[in-house]
Amino acid sequence: MTPGRHLFFDGSVVAEWGGSVVQPLLESEGSQEFAEWKQELRKASGLPRSRSVSAVACSTAILLRRFLSESGMTGRDVGLIVASTSAAVGVAYDFERTGTRQGWDLVDPFALPNAIPSAAATQPALAAGAQAFAFTILDQQAGGILALEIAAVMLLSERAAAIVVVCAEEFPVVQATAAKACDVDTPSSAGASALRLIRRRGERGDTVLSFVFRGNREDLQSDWRSAPLVQFGAAELPPDSLSALAQWPVVVSEHARFLFSADLPGGDTLMLGFEVLC
Amino acid sequence: MPTLLIDTACALTPAGIGWDVAWKSLLQGRRRFVSAREYLGERLPDVPIAVVGDGPLRDSNPLGLREREMARVLGGAMVGPLNALRTSSPDLRVGCVVATSHGESGAVSTIVDAEESEVSHDVYRAVLGEFSAQTFLDSARQVMPQVTVAAACASGLHGIGVACDFIDAGILDACVVVAIDAISRVAVAGFRQVGAASRRGCAPFDASRDGTTVGEGAAAVVLASDKVARLLTTLGGRRLHVRSWAMNCVARHAVEPSSDGIAAVIKASLLRADTSPGDIDAVFWHGTGTIQNDAAEAAAATSTFAERCPPGTSTKGVFGHAMGASGLLNLLAAAECCLTGLIPHAEGMITPAFPGLGIVAGQPLAIPSPRNVLAMSLGFGGLNSCAVLSRGEQ
């Protein structure tokens, strides 16, 4: 059996809840805040005439800007990782549908940069000035916890001073149609939730990332085996990752230590251990 | 410092199937572009595109689940190297990083074109987020953890970077990196709509360049920790160190690169490699052939190398712009250059737009014993990636 691997952080990475933005469904994005953010994203990306801004990009931008505002950090050393499997699907579908039915002259000329999944990260990063890096993870249910693992490893590699990890889904019509056709449940939530990982020494009351673990569950260090578990990947549809992350405020208020967990292909379990310093 | 096992590399490119064939095509400047309208249908702009039209993909529907088909073919080609990796040491912790810009675009195209009743569950599953990683691993007969990274056209180098960080952190001993993007209607029409598509075939760094040639491609290669690589004696003897990797997200425009951002990422990569601009012997630029890209890279080169710019090239005159796969193809070509001392010319460039940039013209250039070679990759949204490859100890 391949031995498990722990990566310990020794209290040097603080985890903070970054808030949630709920109800940015593409079909009902009527809020004033979203309208303003759409405009801001267009301007910031140099595309004021663009019509294609995803709800995922809007909600991510809100959460990223909130972090920069609250932390007082400049964006230079801030990275952004978005876990989403729906960010570009709606834009791509509208682009192709309009182009093939009505002609390419009628499509949004700047749909392309928004029709690829990374736009969910790069547009908010450009708007907020987060310059360390920005990219998207596409791994459905496990996307959120994989994004957190990558963020932790990248902090260790000193690629940023802080990383905002956002799980965001919008579930456009074409995905709803697909879900119905595949006879899978409609997702229970859409929107975005964020967790911030910051490279600084944790103090009393801070929640810190204790370790990242990959291996067999039995290889987990014994004093953590009974810690409460937030499971990523329990549901069949992409927003499950979002739902799992959104449990953070409740879990952190009720437990001094807890685990984010997902079962990976090949029999491995991925676990991230968090604890509140006292 | 992870080791790139170049003999494990496999590629599907418009210039040939198999990495050795693709590399020879680069040296020969052999390209084959086709009409988008003829290949993808009348409803598209009539611009040249670069497609993997031969071999096992000859009958693949260009507007179907083509990325998945490419992943299947690539996975089949990687059975040998990955089996050798697994059997060399059963205790190795191995993972898979897949890098893509668009994901499975063909699923959306299929739904747009078809009536609801004609759409297969495979297509719907792809729309719900089933990407090609699992297809690759199934075809390669492997079971291992995977992650799919999307960083626009910089995805390939981002994927390499994520794998390097996992290996350096000790989470993985080895990692297969797969970069893949299939031609799609969104890509062809989209590049045309933003004014980035060439009408006559891309000519990187040429004075009369008029855009890029959108294409497709896929590549895979194995990285391992230095310690583990020494044990992998059955995976070929040609190895290089990925001495550093850096990235950033710096731009003032979603589709126009920033020379400041490019210069910054090169500087960061050199710093991490503990080396200086004078130690770089060749550069594989992103070199798409668009007015803005090539000018931004030239300005960044001036800022970085001043008057002593090392010889440079672009692989896109032969491969076209393979989007999310282009960064890995660039890295593989940089690796060959580092090992063989040959830097391919930038096919399509007749009159250099930036004479001080040192872009190789007409035929490959021999570089005596290159030490460090730099590979670039840029993407929409201000994404910049850079890696330094080094011969190190052989």
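User: How many helices and strands are there in chain A?
Analyst: Chain A has nine helices and 10 strands, where helices (H or I, at least four residues) and strands (E, at least two) are DSSP runs numbered from the N terminus. This is a predicted model, in which local features need pLDDT of at least 70, side-chain atom pairs count only at pLDDT 80 or more, and totals for chains, interfaces and linings use all residues. Residues are numbered from 1 along each chain as its sequence is written, chains are lettered from A and ligands numbered from 1 in the order in which they are written, and side-chain values use heavy atoms, with hydrogens and water left out.

User: Is His253(B) buried or exposed?
Analyst: Buried means under 20% relative accessible area, exposed over 50%, partly exposed in between (1.4 Å probe, protein chains only). His253(B) has 15% relative accessibility, so this residue counts as buried. His253(B) is in the loop between β9 (239–249) and α11 (259–272) of chain B. Its C-alpha is 7.0 Å from that of Gly381(B), although the two are 128 residues apart in sequence.

User: At what angle do the axes of α3 of chain A and α5 of chain B cross?
Analyst: Axes are lines fitted to C-alpha atoms, for helices over the stretch in contact (heavy atoms within 4.5 Å), and angles run from 0 to 180 degrees between N-to-C directions. Here, α3 (residues 89–102) of chain A and α5 (residues 105–113) of chain B have axes that come within 10 Å and cross at roughly 45 degrees.

User: Which residues of α5(B) meet α3(A)?
Analyst: Ser105(B), Val108(B), Ser109(B), Ile111(B) and Val112(B) do, and their partners in α3(A) include Tyr93(A) and Arg97(A).
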